[in-house]
Amino acid sequence: MPMAPLGTMSMWSKQSWSNRLWRHYLRSAERMIKLFRIINATFLLGATTVILVLISLFTPLFSQAVVYILAHLPLPKMPPVAISSPPTAYVVLGGGLTNDNNNQIILNRYSLNRARAAATAYHDLPLPIVLSGAEAPWLGQWLIEHGIDGLISENASMNTCENARFTAKRIPLHHVYLITDSYHMARARRQFALNGINSTAINAPLPVIRDWMEPAQNLSHSRRAVYEVAAYLRDVIRPQANCRQAKEVTSQQLLTPRGKVAKTADD
């Protein structure tokens, strides 16, 4: 069998090697083009998402979406009796105090709306009302002035975690109607569940309404929504250190109104 000249074999080998290099280059170029397309699409998608989120902060959409998500988060495991029992009381969480024109301490708008929500619910279904927080004496005074008495107060708690712990110590409860605002509700329900108390939400109105024509008001809602998400994550990942154990306060402290209560923002 005749053999190809050595020069011809060498030329064929060089052409074959050159073709393989060229195909490898083409494949690499195609992969790079695909990668650049993915990076470009990801950048455009990310930039568009950021722009849309920033715009949504000035609309009702952002805060409504956050409230919806928070309301559907799962609760910690509770005793079976807490799941099976119907609500037997209203628990009203204080939302802060302020001063009037005469420098007298009064309920701020958050607390006032929660007191109103409690009064409305009570007139529909009379049940014991438990007032939780340093605002309890002022909440109680408002409710008494509006024809509701027989109130149960827990005066010692200073944050949401203590609201739940001290309420559980103040009175045995399995299931309650919990009254606070819609942003605070998820965090509050989680704390009560951790203390063995199931809760059904009654959302008190917020002082500032959402309005498509009021971007500044919508932005205030968005700020509150971001705060509550951060606070919820804090409670899950690293619970606050300033939440006292129930054993650290006496029953008498729970019953005693605080003498001087500083003006505070909503917890």
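**Parallel sheet and helix packing in the predicted model**

Strands β6 and β7 (residues 198-204) pair in the parallel sense over seven bridges, where two strands are taken to pair if DSSP finds at least two bridges between them. Helices (H or I, at least four residues) and strands (E, at least two) are DSSP runs, numbered from the N terminus. The model is predicted, so that local features need pLDDT of at least 70 and side-chain atom pairs count only at pLDDT 80 or more, whereas totals for chains, interfaces and linings use all residues. Residues are numbered from 1 along each chain as its sequence is written, and side-chain values use heavy atoms, with hydrogens and water left out.

Strand β1 (residues 90-93) and β6 run parallel and are joined by three bridges. Strand β6 (residues 175-181) is mostly covered, with six of its seven residues buried; buried denotes under 20% relative accessible area, exposed over 50%, and partly exposed the range in between (1.4 Å probe, protein chains only).

These pairings belong to an open sheet of five strands, in the order β5-β4-β1-β6-β7, with parallel pairing. The edge strands are β5 (152-154) and β7, each of which pairs on one side only. From one strand to the next, the twist averages 25 degrees. Helix α4 (residues 109-124) lies across β1, β4 (129-132), β6 and β7, and runs at about 140 degrees to β6. Helix α5 (residues 136-145) also packs on the sheet, where it touches β1, β4 and β5; the direction of α5 makes about 145 degrees with that of β4. Axes are lines fitted to C-alpha atoms, for helices over the stretch in contact, and angles run from 0 to 180 degrees between N-to-C directions. Contact means heavy atoms within 4.5 Å.

Two packed helices are described by the angle between their axes and the distance between the axes. The axes of helix α2 (residues 60-71) and helix α8 (residues 215-237) come within 8 Å and cross at roughly 30 degrees. Helices α2 and α8 are therefore roughly parallel to each other, given that angles under 35 degrees count as roughly parallel, over 145 as roughly antiparallel, 65 to 115 as roughly perpendicular and the rest as oblique. The crossing of α2 past α8 is left-handed, a term applied if the near helix is turned anticlockwise from the far one by less than a right angle, with right-handed used if clockwise. On the α2 side, the contact is made by Pro-60, Phe-62, Ser-63, Val-66 and Leu-70, and on the α8 side by Asn-218, His-221, Ser-222, Ala-225, Val-226, Glu-228 and Val-229. These residues divide into seven nonpolar, four polar and one charged. In this classification Ala, Val, Leu, Ile, Met, Phe, Trp, Tyr, Cys and Pro count as nonpolar, Asp, Glu, Lys and Arg as charged, and the others, Gly among them, as polar.

Helix α2 also packs with helix α7 (residues 182-194), at an angle of about 20 degrees and with the axes 9 Å apart. Helices α2 and α7 are therefore roughly parallel to each other, and α2 passes α7 in a left-handed crossing. Here Ser-63, Val-67 and Leu-70 of α2 meet Ser-182, Tyr-183 and Ala-186 of α7. The residues of this contact comprise four nonpolar, two polar and no charged. His-72 is located in the loop between α2 and α3 (80-84) and is exposed, with a relative accessible area of 55%. Although His-72 and Ala-186 are 114 residues apart in sequence, their C-alpha atoms are 8.4 Å apart in space.

Two further loop residues were examined. Gly-133, in the loop between β4 and α5, counts as buried at 1% relative accessibility. Not counting residues up to four places away in sequence, Gly-133 touches Glu-154, Asn-155, Ser-157 and Asn-163. Asn-103 is found in the loop between β2 (97-99) and β3 (105-107) and is exposed, with a relative accessible area of 58%. Most residues other than glycine have a negative phi. Asn-103, although not a glycine, has a positive phi of about 65 degrees.
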